[in-house]
Amino acid sequence: RRVQPVGAGGQPSQAVDAFHAVQVLNPSIPVQIYLAQALAGKGELEAAEGVLRKIPTGDPQYDVAQRLLARFEATSASAPASGVKSPSTSSSSQSNSAAQSAFLDGQLMYQDKNYVNALPRLEQALQLDPQASWVTQVEIYRAICLEKLGRVSEAETALRALDANVAASHDVDLQLAFAELLYRTGRTEQALRRVNQLIGAVPKSGLAYFWQAKLLLELHRVDEATRAAEES
């Protein structure tokens, strides 16, 4: 049974209580990731890290847990030393914590292909902390969500805004989302050029060669399409 985040847009304390209750009522339900998120939303990063470290290697949540753990640890390392904080520092810290929580919510929903709910959380994260270290990743997720949701004009604007970004040029999912948008809007030649550029940047991507074969076949370049399919 899949458990969706509780109170993702509400109070982290309520979410923590809810996930603790779920663990007591039915320990077999995998809520550790969401519990860690909620704890992080409260600013309790050490507690969140403790939850994630208890997830064993064979657990389906393990890979996501390790990614979140790395982000939490980076946040802890960059946090200022404890002491008396001024109101402005406290306010900034709360804003950053809320932004981080929104980012992590959006990231998990995106990875679960829950694009409808991921999009507003990603946009909230960008609004709360437009200078965060994870901004490029959020912009990539956001652009892909827009494409997957069929919001063509907004998606193309977001995708083109990332054209000059080196990280984005090597992101297979992003570039293939752009190629798919171009293909679905009748621009097959442009889609093929996009895929060819991706293969130049990431030559070991089987998905890129799959799309190259698909587009070449659409253009009736059968021999080339066959070779691309074999490479895929």
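Helices, of at least four residues, and strands, of at least two, are taken here as DSSP runs numbered from the N terminus. In the predicted model, the chain holds 13 helices and zero strands. Its order along the sequence is accordingly written α-α-α-α-α-α-α-α-α-α-α-α-α. The chain has 232 residues, of which 41% are buried. Among the contacts that link residues at least 6 apart in sequence, 50% are between residues at least 24 apart.

The largest nonpolar core contains 71 residues. Those in touch with the most other members of this core are I33, L52, L68, F72, W134 and L174.

Two packed helices are described by the angle between their axes and the distance between the axes. For α2 (residues 32–41) and α3 (residues 45–53), the angle is about 170° and the axes lie 8 Å apart. Helix α2 is therefore roughly antiparallel to α3, because angles over 145 degrees fall in that class. By residue type, the contact comprises ten nonpolar residues, one polar residue and no charged residue.

F72 has contacts in this region as well. When neighbours within four places in sequence are left aside, F72 is in contact with A36, A40, L45, A48, E49, L52 and L104.

L104 belongs to helix α5 (residues 87–111). The relative accessibility of L104 is 0%, and the residue therefore counts as buried. With residues up to four places away in sequence not counted, L104 touches Q37, L68, R71 and F72. Of these, L68 and F72 are among the core members with the most contacts to other members. The C-alpha atom of L104 is separated by 9.8 Å from that of A38, although the two residues are 66 apart along the chain.

Q37 is located in helix α2. This residue has a relative accessibility of 4% and so counts as buried, the limit for that class being under 20%. Beyond residues up to four places away in sequence, Q37 touches S101, L104, D105 and L108.

Helix α6 covers residues 115–128. Its 14 residues should span 20 Å at 1.5 Å a residue, and the end C-alpha atoms are 20 Å apart, so the two values agree. The buried residues of this helix are Y115, A118, L119, R121, L122, A125 and L126. An α-helix has 3.6 residues a turn, so residues three or four places apart point the same way.

H220 lies in the loop between α12 (206–218) and α13 (222–231). At a relative accessibility of 69%, H220 likewise counts as exposed, as the class begins over 50%.

Conventions: Residues are numbered from 1 along each chain as its sequence is written. This is a predicted model: local features need pLDDT of at least 70, side-chain atom pairs count only at pLDDT 80 or more; totals for chains, interfaces and linings use all residues. Side-chain values use heavy atoms; hydrogens and water are left out. Axes are lines fitted to C-alpha atoms, for helices over the stretch in contact, and angles run from 0 to 180 degrees between N-to-C directions. Angles under 35 degrees count as roughly parallel, over 145 as roughly antiparallel, 65 to 115 as roughly perpendicular and the rest as oblique. Ala, Val, Leu, Ile, Met, Phe, Trp, Tyr, Cys and Pro count as nonpolar, Asp, Glu, Lys and Arg as charged, and the others, Gly among them, as polar. The expected span of a helix is 1.5 Å times one less than its number of residues. Buried means under 20% relative accessible area, exposed over 50%, partly exposed in between (1.4 Å probe, protein chains only). A nonpolar core is a set of buried Ala, Val, Leu, Ile, Met, Phe, Trp, Tyr and Cys residues joined through side-chain atoms within 4.5 Å. Contact means heavy atoms within 4.5 Å.
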